[in-house]
Amino acid sequence: MATRTKGRWTTLLAASVFALAACGGDGGGGGGGGNGDGVPQESGPVTLQVMNFANYMPEDIAERFEEATGHSIELTLTSSNEDAIAKLEGSPEGTYDIAFVTSPFAEGLINADRFEQLDHSLIPNLSNLYPEASQLDYDTGNAYTVPYSWGTTGICYRTDLVKSTDVDGWDDMLNPSNELSGKITMLDEDRWLLLPALKSLGYSANTTDEAELSAAADLSIKAKATLLGYDAETFYTKLDSGEAVAVMGWDGWCNYVSDPSVVEWVLPSEGSDLWVDVMAIPTGSTRVAAAHEFINFILEEENGLWVAENILYKVPNRAAMEAVDPALLETYPNMAMDPATLLEQEALRDLGAGQPAFTDAVTRVKAA
Amino acid sequence: MSPGAETLHPEVSAPWRPLGRSRLGRLTIAPAFAWWAFFLLAPIGLVLASSFFRRGAFGGVEYVFTWDNYVRAIDPLYLRVLWYSVRIALLTTAICLVVGYPAAYFIATRSSARLRNALLVLVILPFWTNFLIRTYSWIVLLNREGVINKSLQSIGLTDGPLPLLYNDFAITLGLVYGYIPLMVLPLYAALERLNPEVREAAEDLGSRPARILRTVTIPLIVPGIVAGCVFVFVPSLGNFPVPQLLGGGRKIMMGNLINSQFLEARDWPFGSTLALMLMLILMGLLIVQSRVLRRGREIGIDV
């Protein structure tokens, strides 16, 4: 879950342009088949069309990949998952060979038959992954997607500014003590806005039950009164300045504070979510074999290590995580989280037809 | 043109002739018209069409005709957001008018030619910087540890930090700051065209300044006032970076609502319906504006 929606307004503009293209095309969710059957495949060295978030892969990946396999890469940048989906929907099948998206979106795309089924015999580096990486609910066994990075959502707070409160769960954000009140930020992106309330009430993060959503919305509205504000982009800078003393954030992002020694990250006791950024091959690709080679190349230890050291996210690549400098794990303790603990959290799933009801609950909270 | 107009502006000679009557006119306007048709009418048509369809289970558009989106759009939840947006936009427009008029008046009537140019450049100068960056800089000024609070505290005027950010005050301030040039410039244009002799005549006849303002100046610049108000109200109503950044995401306006429908709920049909609601309001305003303009022309105001 990389650079979150930095350019929302430009993606709105892009989205309306793509609406133009999409209406001319096959209008949403054309059911392409799998395994590239029927789609003529290119042979020899090809140029792979890769779609990814900015700065999410090593800078020299293209050169090293070409050296190793002879195939070259052309990168299309996306600013968010919604942008990636708009690009996939808005271009003819076969435009992209590799797409990076986050798990709930990937699940939606799998259900709409937009991803090729993977041939694991072409991806021997899958053995570099933790065993837990093939037990991910949204795509068990990694039939269509391969995980690239993963993490959860929690609370980071300033240990030097929060002296008398024991911050250990969502309840500390929803019913804050005087020390925290007015100095808390929470995430306002759809799936994460209701997460603290849902978990605090013991509901699933993927619920679409109206009563549960309503209860979570009411609790979130009550919590709004003691918030400094919602922030899903710069919450760590607010922690730096002391404007906020406790923020809700994705675990990798909490590592971006300027002084990690005064910040502590907490996995809430009520439980949290599990998100995974994955790679997949969109249907209609004419370079399926080369795309498999790319996925296999990404799973090499050094690429996973680059993500861990530069993006400060955890990776499901065991070989890479075991090669990470122990000093880094000491500075950023959440990076040392055991995959088993990570998998105890609830994987975010696609909500399907229940998405509008979920968004309505979120709108109700934001408009209150 | 009415006889009254000629007395006001005796130097105007050529009668106004509609452009469409000449072939050259039609030719020169054709490219602009084509641009407008393709980049404005066509997308609006798409939005209109999309609002009658349904969201696909996965987030695309299902081409099944339905009125559901319109029924949903008049739900109190969304009307409340619309009402809040209208309130903020009206407040912004009113403040811009009250603050912008004296500035425009001074620039148009009380300054020398050189000073006038310098002042106009200063008015436009903020537009040379990205809107988003200017909005962000307010966060630096207004936050609890920010410049304003620190200064007030160091002077001793306040004991603790004032809540200047993440509320309606900050949103309105951000919008006023962002759009006040759009009020000042049309007002300036209207005031500048005003014949000073008219005002002098009213003075000579014994009117005090307040009365001159009310009965002479304002009626003559009504088209400029309406233009300025529309230029501020329209972008304020649909704005979304300002409530998100300066409002801390605690309040949402129509822009945020439409944005979240498209990008988070991936409910393009419903987002299109909400966008259409906004467009209808704005079209209504533009109709009002064009009526005012036409009336102004009829009574001889030079617009």
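**Exercise 1. In which hand does α16(A) pass α4(B)?**

Before starting, note that this is a predicted model, in which local features need pLDDT of at least 70, side-chain atom pairs count only at pLDDT 80 or more, and totals for chains, interfaces and linings use all residues. Residues are numbered from 1 along each chain as its sequence is written, while chains are lettered from A and ligands numbered from 1 in the order in which they are written.

*Solution.* 
- Step 1: find the pair, helix α16 (residues 355-367) of chain A and helix α4 (residues 76-110) of chain B. Helices here are DSSP runs of H or I with at least four residues, strands are E runs of at least two, and both are numbered from the N terminus.
- Step 2: the crossing is left-handed, a label for a near helix turned anticlockwise from the far one by less than a right angle.
- Step 3: the packing angle is about 40°, and the axes are 10 Å apart. Those axes are lines fitted to C-alpha atoms over the stretch in contact, with angles from 0 to 180 degrees between N-to-C directions.
- Step 4: pick out the residues that touch: A:Thr363, A:Arg364 and A:Ala367 on α16(A), against B:Leu77, B:Arg80 and B:Val81 on α4(B). Contact means C-beta atoms, placed from the backbone, within 7 Å.

**Exercise 2. Is A:Leu312 buried or exposed? And what about A:Asp113?**

*Solution.* 
- Step 1: A:Leu312 is in the loop between α12 (301-311) and α13 (318-323) of chain A, and its phi is near 60°, a positive value in a residue other than glycine.
- Step 2: A:Leu312 counts as buried because it has 20 C-beta neighbours inside 10 Å.
- Step 3: A:Asp113 also isn't a glycine, and has a positive phi of about 60°. A:Asp113 sits in the loop between α4 (103-111) and β4 (145-151) of chain A.
- Step 4: A:Asp113 has 16 such neighbours, so it counts as partly exposed.

Note on methods
Contact = placed C-beta atoms within 7 Å. Buried ≥ 20, exposed ≤ 12 C-beta atoms within 10 Å, placed from the backbone.
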